[in-house]
Amino acid sequence: MTSDSTLRDAASRWIAADPDPATRAELEAVLARADGDPSAAEDLADRLAGPLEFGTAGLRGPVRAGPNGMNVAVVTRTTAGVAEWLTAHGHAGALVVVGRDARHGSEAFATATAEVLTAAGFDVKVFPRPLPTPVLAFAVGRLGAVAGIQITASHNPPADNGYKLYDATGGQIVPPSDGEIERAIEAAPSAADVPRAAGAEIVDLLDRYLDEVATLPLGSERAVRVAATALHGVGADTLRAAFERAGFTDLHLVGAQTTPDPDFPTVSFPNPEEPGATDLLLALASDVDADLAIALDPDADRCALGVRERDGSWRMLRGDETGVLLGSYVLSTVDRTVLPDPLVATTIVSSSMLGEIAKAEGARYAETLTGFKWLVRAGEGLVFAYEEALGLCVNPGFVRDKDGIAAATLAAGLAAQLKKQGRTPLDVLDELAQRHGVHLTDQVSLRVTDLAVRGQLMAKVRETPPARLGGVDVTLEDLLPDADVVRLTGDGVRVVIRPSGTEPKLKAYLQVVDNDRGVAQERLTALRGDVEELLA
């Protein structure tokens with residue numbers, strides 16, 4: 001592959017408009033190699049294949065020069081579009097909060113964001129250091145901001161960074177806002193022509209956030225030993241502070257993963273769901289004889305729990321297990337004289353057990369499309385929401401998003417109470433299964449290099465849906481145009497298939513419900529095999 005004149009012209013225009021000398025030099029070097037080096041030519045074409053799409057999750061992409069990457073120029077034009085969108089909606093000059101994690105480029109991207117907004121006339125407040133994403137979500141609501149922007153790629157690979165936008169509700173944006181913003185970005189001038197100005201005010205709301213976390217229904221017991229990891233992200237100090245504020249003093253952090261490190265050197269993929277990511281955590285939990293293990297993702301909005309099995313070994317709970325465990329607990333703590341009609345919510349790809357728990361507790365239950373942008377808008381009286389991908393909101397009163405710090409603190413309180421009673425989280429899960437049936441969930445995740453493959457497979461399922469899965473007849477429900485999702489359901493079986501919104505994956509979410517755990521496991525194994533064959 002060689003560089004043609006159109007590609008060279010596009011690269012030259014980008015270089016001329018890039019205000020960052022480092023990325024200008026980076027793209028110039030790629031361009032210089034492209035004529036004689038096929039891999040450099042391919043790299044150049046990929047960098048210019050953008051721009052990065054601005055969706056409801058904002059931006060995510062590799063940190064690199066060019067329109068198809070995360071860099072100061074892209075962030076500058078994106079923020080110019082956001083500023084124009086806010087102004088068009090009557091928010092000119094209003095307050096916007098900017099935060100960041102500790103990934104490569106985060107500080108420079110947060111600075112560019114704040115300076116573009118300041119030059120556009122907004123009242124901009126920035127955090128003094130890298131902090132968890134839930135603190136930014138908290139600040140939007142607490143300060144009455146019209147928007148919040150967090151520079152983070154959450155649990156994406158080390159090479160990535162991202163740009164997450166919250167609106168005046170304190171939740172992530174939803175359509176049609178994403179389309180409006182994308183059009184505003186397209187109309188923005190070149191990055192070199194976007195005004196920037198210093199002058200944003202530094203604010204630190206961490207103490208106020210921690211005060212709120214300490215008011216969660218944690219119970220009276222504090223004797224619990226917890227092993228935890230921040231997976232090289234920004235959550236360790238905040239988790240430690242939250243535990244101290246709440247009175248939990250027996251916390252042991254994985255030392256090798258405590259300090260923020262954008263290279264994530266001890267894990268191949270900084271996501272608690274990925275195989276191997278929590279190996280050091282579970283080893284520490286065993287070594288210190290912990291009662292509970294906790295893994296945060298790098299920006300600390302997700303929380304995974306690990307428990308000791310009855311044979312003494314340790315394992316991580318699935319997201320659905322954690323969701324029903326904490327959801328059941330939150331419902332048991334609601335003061336019905338204050339909130340007589342509480343609501344709990346999860347997504348269409350999560351376990352349906354939360355609905356059974358809500359019914360038994362006389363609470364309302366809602367299922368939404370995937371994503372916390374929808375969960376926090378599930379309805380009035382929301383007290384708890386979760387998604388199977390380790391997202392938990394135990395505190396919708398002060399954070400309208402998933403919050404790994406708050407969820408971890410609440411889990412410690414629950415574990416302390418159970419320990420006092422001589423019980424464990426596994427005992428609670430067994431009791432829930434006895435009451436509501438065994439709900440087993442699993443996931444088939446297909447990572448692709450060509451995003452077109454996802455559309456081809458979705459089309460295949462829609463055009464020739466299977467008649468049987470897991471040994472039972474199933475029928476297909478297509479959720480288009482509301483969402484690119486298909487749902488296949490039969491007697492005690494459910495499969496939901498969708499493209500990931502944040503990763504190059506096609507995901508199939510499996511559920512089997514049965515009264516017998518052994519039978520349920522056999523049915524789930526058969527179902528997984530059928531789905532893997534379907535997506536092959």
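Leaving aside its neighbours within four places in sequence, which residues is T113 in contact with?

## A buried threonine

T113 touches V75, T79, V98, I149, I151 and Y163, its neighbours within four places in sequence left aside. Contact means heavy atoms within 4.5 Å. T113 sits in helix α5, residues 106–119. Its relative accessible area is 0%, so T113 is buried (under 20%, with a 1.4 Å probe and protein chains only).

## About the model

This is a predicted model, where local features need pLDDT of at least 70 and side-chain atom pairs count only at pLDDT 80 or more, while totals for chains, interfaces and linings use all residues. Residues are numbered from 1 along each chain as its sequence is written, and side-chain values use heavy atoms, without hydrogens and water.

## Two packed helices

Helix α11 (residues 319–333) packs on helix α14 (residues 404–420). The angle is about 75 degrees, and the axes lie 11 Å apart. Therefore α11 is roughly perpendicular to α14 (65 to 115 degrees). Axes are lines fitted to C-alpha atoms over the stretch in contact, and angles run from 0 to 180 degrees between N-to-C directions. Helices are DSSP runs (H or I, at least four residues), numbered from the N terminus.

From α11 come L325, L326, Y329 and V330. They meet A407, L410, A411, L414 and Q417 of α14. The residues of this contact divide into eight nonpolar, one polar and no charged. Ala, Val, Leu, Ile, Met, Phe, Trp, Tyr, Cys and Pro count as nonpolar, Asp, Glu, Lys and Arg as charged, and the others, Gly among them, as polar.

Methods:
Angles under 35 degrees count as roughly parallel, over 145 as roughly antiparallel, 65 to 115 as roughly perpendicular and the rest as oblique. Buried means under 20% relative accessible area, exposed over 50%, partly exposed in between (1.4 Å probe, protein chains only).
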